[in-house]
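Here's a quick tour of one protein chain, written for someone who likes the cut-offs spelled out. Have a look at the model first, then read on.

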Amino acid sequence: MKKIIFSILSMVLLSGGLASCSDDRLDATLDSGRDNTERPIESERDLRAVLTGAYSRMVQYNYYGRDIIIFGEVRSDNAYAEAGFSNRFQIVSQFNMNANTIYPSDSWEQILRVVSSANLAISSNVTIGDPVNINHSKGEAYAVRALAHFDLLRLFGEQNVKGRALDGRGVPYMLNFADLDKNNYARKTVGEVRDLIYADLVSALELMNDGEQNKKRLTREAVLGLKSRIALFFSAYDQNDLQIAKEAAEQAMAVGFSSVVSRGGYVDSFKAEEPQVNTVFELYQDNVVNAGNNSINNIYSYEGYGDVVGLEANLVALFDDAKDIRSSAKMQGYKYIRSKDGEYKFVNNQYVLIAEGEEVEASKRYTTEYYRNFGKYTSRSSNVKVMRFEEIVFNYIEAAIALSPNDAKAITLFNELMAERYEGYAPVSTLSLEQVLVERRKEFVFEGLRFDDMMRHKMDVPETPMVKDGVAFGSYKLAFPIPQNEINDSQIEQNDVN
Amino acid sequence: MISKFKWTIVLVMVLFVQVSIAQVKTLTGVVSEGGMTLPGVSVIIKGTQEGTQTDLDGKYSLQVKPGDVLEFSFIGMESLTYKVGAAATHNVEMSYGEEMLEEVVVMAYGQVKTKNEVTGNAVAIKGDAVTATPMASADQALQGRVAGLQMSASSGAPGAKQNIRIRGRNSMTATNEPLYVIDGVPMYDADFSGSSSSTSLSLLATINPADIESMTVLKDAGATAVYGARGTNGVILITTKKGKAGVTKFNFSTRVGFQNNAVKGPRLLSSTEKEELFLDGLYNTYGTKYNFDRSGAADFAYANFYGKGNYGSWVDNGRQNHDWSEYVKNADAPLTSINFSATGGGERHNFYASLSHDKIESTVIGSDFRRIGASLSLMQKISDKVDFNTSIKVTNTKQNGTSENGAYFSNPNYTRLVMNPWNPLYNNDGSYYLPNSGYHNVVYTVNNNTKINDVTRVINSNSLSYAITDNLKFTSTLGIDYTMAEYIGYNNPIHGDGRNFQGTADRYVRKNFTYIAQNGLDYKFYLGDSHRFDAKVLVEYQKAKRDFLQGSGQVVLDGFTSLGAAAANKDNAFMYEDDANLGYVGILNYNYQNRFLVDLTGRRESSSKFTDRNGVFYSVGGAWNVHMENWMLEQQTISTLKLRGSYGTNGNSQIGPNKYVQQLDIVTYDGEAGLIPTQLGGPIGWEKQKKLDVGIDLGFFNDRINFGVAYFQSKTSDLLYNRSLSKLSGFSNQMMNMGSLDNRGIEVEFNSQIVRTDDFDLSIGANLGTVRNRITEMPVVDGEQLEVRGSYTANITGHAVGEWYMPEWAGVDPQTGQAMWYNLDGTKTTVYNAEAQSKFHGASALPKYTGGANLDVRYKGLFLNAMLTFAGGHKVYEQYAFKTAGITSVLVTSNASAEMLDRWQKPGDITDVPMAQYAATGGNKNFTRPSTRFLHDGDYVRLRNLTLGYNFNNDITRTLGVDALSMSFIGTNLWTWVKDKGLLYDPEVSPNGMLSVTTPPVKSLVFSVNVKF
């Protein structure tokens, strides 16, 4: 009898304790995320976190963490993606992409995620916290949105195709968070996108203050600098933008957060893990949070994937001046080649056998047969320099002399900058656009600016081992195809495919 | 005449009277087993308390009446009955209850039914078939045995997950894997491997196959509706062994064997063949420009491409051949298994216990599997009314995996395909050749890196039942499933993935805890004599908690491999998820004289995964056993004729939790926590499925020949569809209930015992299942059905889910050697991106038909079983063709398939391989892009299992002092036929149809010994 009582007791316990049926037993835990409907963005801290999230998204490998930098190089006369490594970027370098290629589709998605983060920040109703800081963050968000749309346009817009310029198909411009309204998805013209970018930059500059000087986030200086970059870009299609570029650059330089890096500091400025004097805006990475194998370093480095190599003939000629710090061994490296007789090194424009017993420096690459970037993005954890002060200077110079060939301030700035690059630099008194472009190219080689610089001056992309006859300015190939999965969902227009 | 008849009647009546008067008599006899008399056998007159027991000599003596039914029973033996007739003695030969007299099928929630009582579509597999399959996980025994069950291995590595599809693809986003229920506990489908890049580990690999008593595959709604939301893709019930009363008996079995890849795979170019293609390419690209002919290509290459792909060194070293396929092979990989079990007990309690140890190496270097397990199952009758059952199974599985789930540089299977054959394994001085960049020397990395999954799993189930009355029983069950999976990873700092980080170390711990409680009542009642009802009601609550803690670090000193030794860049991650499920189940079975059967089932279920939490599922099933009708009893030919059918609903809830939440996730940037919007969220509810199943079962000549045919149709609507969103919204996709699809097909099963004599048995069987999968409605967005087109497949209404969709290959232009595809207008083009038109190819990766055929022969003790499996009507894509068909500059640091030797060389050549060009021009730039050039028919036939064995007869076993002894040779996958000669890989591919670089299924030869004592 005792046993039976015991058993009944157990049954009651089992049924009562475990199978009780109240509905809250069904609630799932969400402990690594936050429900935006239940707990929306409402405080200064929340808002800053959303912006922090936007920067984190920008530094992913499929945006500034690698791809957009590399797109600017492998489609130019600086570099290409060589066969026989990991096969990354070859299809980009070949200008052979179609709507299903992964690169356009990854970039499209990642850039729009950044836009989404910015729109979340802009649309949030933040009431808790210091209004000055709230405004600054909101301003950052407008600037992030402008930059992201600009980058989207650089890749996907048809501004360089068949002389369409501002009338070419641009990209959609997203102004709302989680916008599911298809009416807002239509592609705007390049000109319309430009106007919206400018409008966002105006909003950004109104809201931001000069108290924030963290260069790992957008500052007023950075926004002005970006404005000069953007206006210079559009000046290729509309002369009036030269003035905007020049003024924005001038205002940016006037903020005074940053300056040109000295000749002595040039090489090390690329190795530093923290922002330097010439940093205007850089995206932070560290030893733990970085793109790892997908980093810029890994795609350039022979010890990594090593796909992206320099166009040797062009770059050897470009960096032939030993007095130029940018031609130094640390930046361009030595070029070694191996044969059955031993190791050769490239000295004074000819191959010299490394003598028996000559010290072999472990840091050098004795089997490298390609021209490589050694000086920039020196490790996986290197910050991504989105904008350096030198670019603002060059933007000013280029806009100014395009407006007025003898712009005195431009020449002064040019001489000041060059004095920090060449040993024993002799100042110039006149300046041609060609000179400016050559120096600009040397300054920013491997940093992803070259493709747009070439496009701005309507240059053809020359032959590389990946693209046999080059790509003429105006070709449909100069715009990325709109990803097929985007067209499936939004039916937006595809770019020209021939 | 008439008076004579009357007289006779009177006489007969008198005799009857006499019989009824003289009814009581004494019946005696001897009870024995195998020639030995059995003492203590209980002999009872059925329906009474009267009876006796046999004495020490096995004799009994009992007062009986003619017509009484005697029941002879003895613990551990088959009970026998005897209807008393005129005889005064009756000797009984009893036997141990190895074979059940009538086959029974274990159904949902522990219901056990005979074949004739089943209205649904369920197929039972006995434990023998499981143990006869020398594989690490029990589900591998299902292949070819169940019509409509399609199976493919995600990898042939021991313990890797199997992909099972029952009756096609029922969902587009939620899982298509069936539900596994082990002893009543529904299991979460999971891959216990710590790293998604390395070898998967099946949940069933953590169960000792020898502990399995039976498996039942439930296919139709009648059988699965009680599992409600999780029954959509079919249910696989696994019943493990329980104790058997009787003298304690032991079973010892051991097997040892070796394995190789079932299919060799494509042959790769040898070092010199590669040079030939490489030089061809250089000549075709640069010959004119630099003015050399084909014979001068080697000099040109040596001068200008010395450093490319190690070419110069390879030439300098005398053009040696380096066969990386051989280097990564683990030929004749050994397999050993030992199992020991014991069972016994008395009337009030019994037990089953087992111990097992398995060790299996993979056919590729660096991968093996070891499992040690123990189980104990106890039954205790606490009183006449209360039974208590408990069982516990513990296993520890240790799997050395490789990075085989993708094109990882450290994947030996991938390395085999792509490793540059100009790269040696060793340097001239005998040290490993460690290339500075590109593919790793995988032999070195496998020997110096670690990827271990160490999984400990405890499954415990307890049930207590209380017979309130004879017809009413209360049962309470509590099941616990706890898994702790550890992943231990290490990459050495010298070479491979760890080099750039000076070595990496990882340790992941995953803990899954699930408990399930069920309380239910069973009630049995009759209305009149012929109407029997069985009713069951049940409430079930299941809670699953999963947490994951990961630590990783870099910079590891030589000689250390553990995370504790990592000096820098330490990082951690954590994740916790839970979900809960509450179900109410009702089952009503109605049985009219075993002629008419009606089953009703219903389930109301609530799940935490949905905003609309509650779902109601039901089924109705019926069967008519025509052969039980009186008018059928007169004939002998047809022994079974059963018509059955069922209709019902299921759902699918196998998606992750919190999918309805608009979610912000936490990220890190510059030492600050950031929030990013990652999930749009929105209301979601149950995916609904309606299943129809009708069938006929036929048996002839006392069921010597059996034939069954079934037609099924499953319509899934309100699909849990991860709708792709325009990226302009900022989100990639959104889980919604939209769209519908349909699967239908026919399943046929046939079994025949052609010869059945004492010495010789011969039987054959076959099964075939077809499935036609169609999207009936794609999600409607803005009034139009979506058309989702990808590079390889597209989802469009009217086509199968994931039907192949790509440009059609038009061959190589015999004049120019250029690759060509078809335009939409049927003309050929060499312009891939703009002109070649993608189109459907009438097949998906899902076979349109699958099946198996088996042959069983026994002559005296000698037995032979053979089983063929086949699948067809589907296509598979050679996804690594972009490497293995690369005969451009891609080839320099890589390798290609030997098929490429058939390249076009001169005008007029008819071939499928274009001209070799170092820098490709025209169509050749896109030769390896998706097209039907690399899409192959998937049809295959495979000799899945071949067993030849011998059961030693009683004389020998008695001499040896054992109960039974058998030995056998088991061969698996000994022979494979593929329809498409271009398909050089193993035809068993994962359900997405992509030929992968996981370890292919194995061909094994195993020797097995089984002793019972």
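Val788(B) sits across from Asn795(B), which belongs to strand 43 of chain B. Strands here are DSSP E runs of at least two residues, helices are H or I runs of at least four, and both are numbered from the N terminus. Two strands are called paired if DSSP finds at least two bridges between them.

That pair is part of an open sheet of 4 strands in chain B, ordered 42-43-44-48 with antiparallel pairing. Its edges are strand 42 (788–789) and strand 48 (838–840) of chain B, each of which pairs on one side only. As background, strands of a sheet pair through backbone hydrogen bonds, either parallel or antiparallel.

## Ground rules for the numbers

This is a predicted model, so local features need pLDDT of at least 70 and side-chain atom pairs count only at pLDDT 80 or more, while totals for chains, interfaces and linings use all residues. Residues are numbered from 1 along each chain as its sequence is written, chains are lettered from A and ligands numbered from 1 in the order in which they are written, and side-chain values use heavy atoms, with hydrogens and water left out.

## A hairpin and some positive phi values

Strands 31 and 32 (residues 672–679) of chain B pair antiparallel over 7 bridges. Within this pairing, Leu664(B) has Pro677(B) in strand 32 of chain B as its bridge partner. The hairpin they make has 2 residues between the strands, and Asp670(B) takes a positive phi near 50° there.

Asn658(B) isn't a glycine either, yet its phi is positive, near 60°. You'll find Asn658(B) in the loop between strand 30 (638–652) and strand 31 (663–669) of chain B.

## Around Ala223

Ala223(B) is in helix 3 (residues 221–224) of chain B and is buried at 3% relative accessibility. Leaving out residues up to four places away in sequence, Ala223(B) touches Met107(B), Ala108(B), Asn121(B) and Leu218(B), where a contact means heavy atoms within 4.5 Å. Tyr647(B) is 424 residues from Ala223(B) in sequence, but their C-alpha atoms are 9.9 Å apart.

## The whole chain

Zooming out, chain B has 12 helices and 55 strands. Its radius of gyration is 33 Å, close to the 31 Å that the globule rule gives for 1013 residues, so chain B is as compact as a globular protein of that length (the radius is taken over C-alpha atoms, and the rule is 2.2 Å times the number of residues to the power 0.38). Those C-alpha atoms fill a box of roughly 125 × 70 × 70 Å along the principal axes.

Of the 1013 residues in chain B, 57% are buried. Among contacts in chain B with a separation of 6 or more, 68% link residues 24 or more positions apart.

Conventions: Buried means under 20% relative accessible area, exposed over 50%, partly exposed in between (1.4 Å probe, protein chains only).
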